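Please open the model in your viewer and keep the sequence panel beside it. The tour below goes from one selection to the next and says what is there at each stop.

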Amino acid sequence: MALFKKRTVGKPGEWYYCLEHKKVEEGPECPAKDRFGPYTSREEAQHAMDTARERNLEWENDPKWHDRTDEAPEA
């Protein structure tokens, strides 16, 4: 007899995108380390990779995060 029940986090109506299986799932089926979410709809979860790509581009082009100059450091 198990002393502890394995609990999943999340509830019906929450959608996730599994990075390992590359699929949308309702409620968490895969470990948190392998998924994006929760999202409020299936459609939103289906576009998780697009959303991540857009956010990465915004971050990479954000001048607040690129305050270094291309000059060589002084020796």
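Two strands are said to pair if DSSP finds at least two bridges between them, and the strands themselves (E, at least two residues), like the helices (H or I, at least four residues), are DSSP runs numbered from the N terminus. With that in mind, select tryptophan 15, which stands opposite glutamate 26 in β2.

Before going further, note that this is a predicted model, in which local features need pLDDT of at least 70 and side-chain atom pairs count only at pLDDT 80 or more, while totals for chains, interfaces and linings use all residues. Residues are numbered from 1 along each chain as its sequence is written, and side-chain values use heavy atoms, with hydrogens and water left out.

**The sheet**

Now colour the three strands, which form an open sheet in the order β2-β1-β3 with antiparallel pairing. Its edge strands are β2 and β3, each of which pairs on one side only. From one strand to the next the twist averages 25 degrees, where axes are lines fitted to C-alpha atoms, for helices over the stretch in contact, and angles run from 0 to 180 degrees between N-to-C directions. Helix α2 packs on this sheet and touches β1 and β3 (contact means heavy atoms within 4.5 Å), and its direction makes about 100 degrees with that of β3.

Select β1, residues 15-18, and show its side chains: Trp15 and Tyr17 point one way, Tyr16 and Cys18 point the other way, and all are buried. Here buried means under 20% relative accessible area, exposed means over 50%, and partly exposed lies in between, with a 1.4 Å probe and protein chains only. In a regular strand the side chains alternate between the two faces of the sheet.

Between β1 and β2 the hairpin has four residues, and lysine 22 takes a positive phi near 55 degrees.

**The charged side chains**

Which residue forms a salt bridge with lysine 23? Select glutamate 29, whose closest approach to lysine 23, between N and O atoms, is 3.1 Å; a salt bridge is a side-chain nitrogen of Lys or Arg within 4 Å of a carboxyl oxygen of Asp or Glu. Lysine 23 is partly exposed at 34% relative accessible area, whereas glutamate 29 is exposed at 53%.

A search of the whole structure finds three salt bridges. Another of them joins aspartate 34 and lysine 33, at 3.4 Å from N to O, with aspartate 34 buried at 12% and lysine 33 exposed at 66%.

Move on to helix α2, residues 48-60, where aspartate 50 and arginine 53 are three residues apart and so are separated by about one helical turn. These two residues form a salt bridge, with their closest N and O atoms 2.9 Å apart.

Finish at arginine 35 in strand β3, which is buried yet has no salt bridge, the nearest side chain of opposite charge being glutamate 25 at 5.3 Å; Lys and Arg count as positive and Asp and Glu as negative, while His and the chain ends are not counted. A polar atom of the arginine 35 side chain does lie 2.4 Å from the backbone oxygen of cysteine 30.

Key
Polar contact = N/O pair within 3.5 Å; in protein donor to acceptor, adjacent residues only side chain to side chain.
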